[in-house]
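This briefing is meant to be read beside the sequence and the coordinates.

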Amino acid sequence: MMADAAPRAQKSLWRSHLLPVASAVVPPAALLALLALGWQLVALRNKFLLPSLGAVGSELTSHPREYLDAAATTLQETGVGLGVSFVVAFGLAVAMGHFKVVERAVMPLAVVINVTPVVALAPGLATALGFGYTPRYIVTGIIVFFPLLINSLAGLRSADPEALRYFVTLNASRWDILYRLRLPSSLPFLFAAARICFPLSLIGAVVAEFTAAGNENGLGSLIYISDENNYLAGMYSGVFCLSVLGLLVTLLVVLVERRVLAWHPSVAQ
């Protein structure tokens, strides 16, 4: 009996702990290995199309400070543009949720901003506002403004009608209803918007660095300069850093969401 207990314990440990970890790690690791192999094969046959992974790794390890400083600049532009855009979008969503006339006035303009090619605006913004960081902040904020506004408005309106009527019967003020009911109800929508807008804001910052000339810093500027000089290793090193940044900010959003929304069914499951 004792001899059978050890194998059973090992099987139980495998099923309860190791198997879930393996099932979560092995598929993406296998896919990543296949993609790396395919990249290497293409790079070996088309050296003017893709650099080898070794060349990209050598570029990153040879100039780590340059890429870290550029990543910090792009991350700063992302944070400022996204933060300001969220404050404006959420404030407008609150006003639109309480006053229909505000929604009728703002929503057409928001749609126009959403469909406007921001790339075409960036050079004009740089000319009007100077060749500093301000045009980059504006471009980044514009790109994420519409999804932030729509998700904020949908979240504020997702409050339980029965709970809303209960607050009304208690003569709760608009502030109490907003703070105690509408804001908690909107959190799943806000985190859904964050999952979309954090990586999107990185794209916005890079687009601004491409098009708003002036400061030659940031990952977008590094990628642009490397492309102009046909330096593939530098260009794809910048792309790799952007990918890592996107993964890190998405992971941060997921971790915060699980912490803040531990009570919500979508996270509890």
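In this predicted model, C197 counts as buried because its relative accessibility is 1%, which falls under the 20% limit used for that class. C241 is also buried, with a relative accessible area of 13%, and a search of the whole structure for disulfides returns zero.

**Cysteines**
- The relative accessible area of C241 is 13%, so this residue is classed as buried, given that buried means under 20%.

**Largest pocket**
- The space in the largest pocket amounts to about 410 Å³, and its lining is made up of 13 residues, among which L32, W39, L53, F240 and S243 lie nearest the centre.
- Three helices, α1 (2-45), α2 (53-62) and α10 (232-260), each contribute at least two residues to this lining, and α10 provides the largest share with six residues.
- In terms of residue class, the lining of the largest pocket holds twelve nonpolar residues and one polar residue, while charged residues are absent from it.

**Second largest pocket**
- The second largest pocket has a volume of about 250 Å³, and of the 13 residues that line it, F86, L190, F191, A194 and F198 are the closest to its centre.
- At least two lining residues come from each of α3 (64-98), α8 (174-211) and α10, with α8 giving the largest share of the lining, namely six residues.
- The lining of the second largest pocket divides into twelve nonpolar residues and one polar residue, with no charged residue among them.

**Glutamate E209**
- E209 is placed in helix α8, the helix that supplies the largest share of the lining of the second largest pocket.
- With a relative accessible area of 4%, E209 is buried, because the value is under the 20% limit for that class.
- Leaving aside residues up to four places away in sequence, E209 touches T74, E77, R136, N217, G218, L219, G220 and S221.
- Among these contacts of E209 are both the glutamate E77 and the arginine R136, as well as the run from N217 to S221.

Terms used:
Residues are numbered from 1 along each chain as its sequence is written. This is a predicted model: local features need pLDDT of at least 70, side-chain atom pairs count only at pLDDT 80 or more; totals for chains, interfaces and linings use all residues. Side-chain values use heavy atoms; hydrogens and water are left out. A disulfide is a pair of cysteine sulfur atoms within 2.5 Å. Buried means under 20% relative accessible area, exposed over 50%, partly exposed in between (1.4 Å probe, protein chains only). On a 1 Å grid over the protein atoms alone, a cavity is a set of points where a 1.4 Å probe fits but cannot get out, and a pocket is an open set with protein on both sides within 12 Å along at least five of seven lines; lining residues have an atom within 4 Å of a point. Grid points are joined across faces, edges and corners, and a volume is the space filled by probe spheres set on the points. Helices (H or I, at least four residues) and strands (E, at least two) are DSSP runs, numbered from the N terminus. Ala, Val, Leu, Ile, Met, Phe, Trp, Tyr, Cys and Pro count as nonpolar, Asp, Glu, Lys and Arg as charged, and the others, Gly among them, as polar. Contact means heavy atoms within 4.5 Å.
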